[in-house]
Amino acid sequence: MAHPFDALTAEAMRAGGSWKWTGREMVAGADARGRGLIGAFVAEMDFPTAGPVAAAVRECADTSRFGYLADGWVADLAEACAAFWADRFGWAIEPERIRPVPDVMTALTATIEHFTTPGSPVLLPTPAYMPFLTVPGMLGREMVSVPMARDPFALDLDALDDAFRTSGAELLVLTNPHNPTGRVLTAEELADVTAVVERHGGRVFADEIHAPITFDGLRHRPYAATSAAAAAHTVTATSASKAWNLPGLKCGQVILSSDADARRWADHGYLAEHGTATPGVLASTAAYTHGRDWLDDVLAYLDGNRALLRDTPLPGVATTVPEGTYLAWLDGRGLDLDEPPAAFFAREAGVVMTDGAACAGPGGMRLNLAMARPVLAEALERMAEALDARG
Ligand SMILES: Cc1ncc(COP(=O)(O)O)c(C=O)c1O
């Protein structure tokens, strides 16, 4: 049976004016055969957000809730987020330990600035979410890339251990579910991370923005909930922005799982919290509380898109169907092109993906699966044709 998302055509998306469909990445306008471009790069979904989220934003407009953030709204958000995390992931967080931020990037910036020694480097498993490669440098910190093991993607714990020892880094950025590889880390992997971090007296920034988006019966495991040691050395950041598709509403959450960090945040978190948008807080509260059925429907739809990707042969391209997130990693190194595979597919198929080089994974491509299935089918068909035409 057709799903309402199936009707979201490329033309309608372009008319909507989003970055994903009209941004500078799409400036060519058409591929080599004159076909319109399909936006499959930035991590947002083409699906309209949940009814309760839209209603919360409408109510903000109707009642002029555009003022500064009231303590009561922050408390409601914390309660809603805590209840969602307890129900979905089995982590009982005291709501007082959940604080609002505009976004996860702000949480990372604040963590680097206030929870690590000035000048200390930052460790980042790669490939990685693109801004993580550059933001530490903007704060005057060295970003130390720790390449992941491949086939399948996994954290390279020996390399992580070495990197802590040789770089003097204090902070590990641990993204799980992982963008861009789609990995959902196992309990064993998380325990191994804790052992390495503890060996070096390090800290973890746990980026769990994609936590609600997992498949195949896998459940997200909050890193800070895995042990007392992990709770003590971790600042967790999350948001309703990926799962309910509301990144422009500017509301994320920081979860402080140690007393000392909660005190430190109380002393230093003001600036980080200040940019949080009131409508974003109210919308996120609605998402966590009343948006769960919508989320389950989206997960089922995304699962169908995963199946389509799995079932579409792209000769020469090694496809990683994501365990979590709606981002698939396509390894095009086997194509032996004399240009980035992402550039080839943008020109020859009109499918605009994130170039893996931007994630420190040259030769790879990050394909956003969160689009109407007929549009995804066309994208994959065009890609297969482009490969075929190469002979
Ligand atoms: C893993 C990961 N972390 C952080 C972000 C950025 O989130 P925010 O918009 O809340 O800063 C994204 C956005 O795609 C992401 O995928």
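Trainee: Over how many bridges do strand E10 and strand E13 pair?

Mentor: This is a predicted model. Strand E10 covers residues 327-331 and strand E13 covers residues 364-368.

Trainee: Which strands are the edge strands of the open sheet of four strands?

Mentor: The order in this sheet is E9-E10-E13-E12, with antiparallel pairing. An edge strand here pairs on one side only. That holds for strand E9 (318-320) and E12.

Trainee: Which domains supply the lining of the largest pocket with at least three residues each?

Mentor: The largest pocket has a volume of about 750 Å³ and is lined by 35 residues. By domain, at least three residues come from each of domain 1 (4-50 + 293-390) and domain 2 (52-290).

Trainee: Which residues lie nearest the centre of the largest pocket?

Mentor: By class, its lining has 19 nonpolar, seven polar and nine charged residues. Those nearest the centre of the largest pocket are Trp19, Val42, Tyr129, Pro131 and Lys242.

Trainee: What is the volume of the second largest pocket?

Mentor: Helix H4 (71-89), strand E2 (98-101), helix H10 (259-268) and helix H11 (270-274) each supply at least two residues of its lining. That lining has nine nonpolar, five polar and four charged residues. The volume of the second largest pocket is about 330 Å³.

Trainee: Which residues are the closest to the centre of the second largest pocket?

Mentor: The second largest pocket is lined by 18 residues. The closest to its centre are Arg99, Pro100, Tyr270, Glu273 and His274.

Methods:
Residues numbered from 1 in each chain as written. Predicted model: local features only at pLDDT ≥ 70, side-chain atom pairs only at ≥ 80, totals over all residues. Heavy atoms only, no water. 1 Å grid on protein atoms, 1.4 Å probe; cavity = no way out; pocket = protein on both sides within 12 Å on 5 of 7 lines; lining within 4 Å. Points joined across faces, edges and corners; volume = space filled by probe spheres on them. Nonpolar A, V, L, I, M, F, W, Y, C, P; charged D, E, K, R; others polar. Domains from an automatic or database assignment. Pairing = 2+ DSSP bridges.
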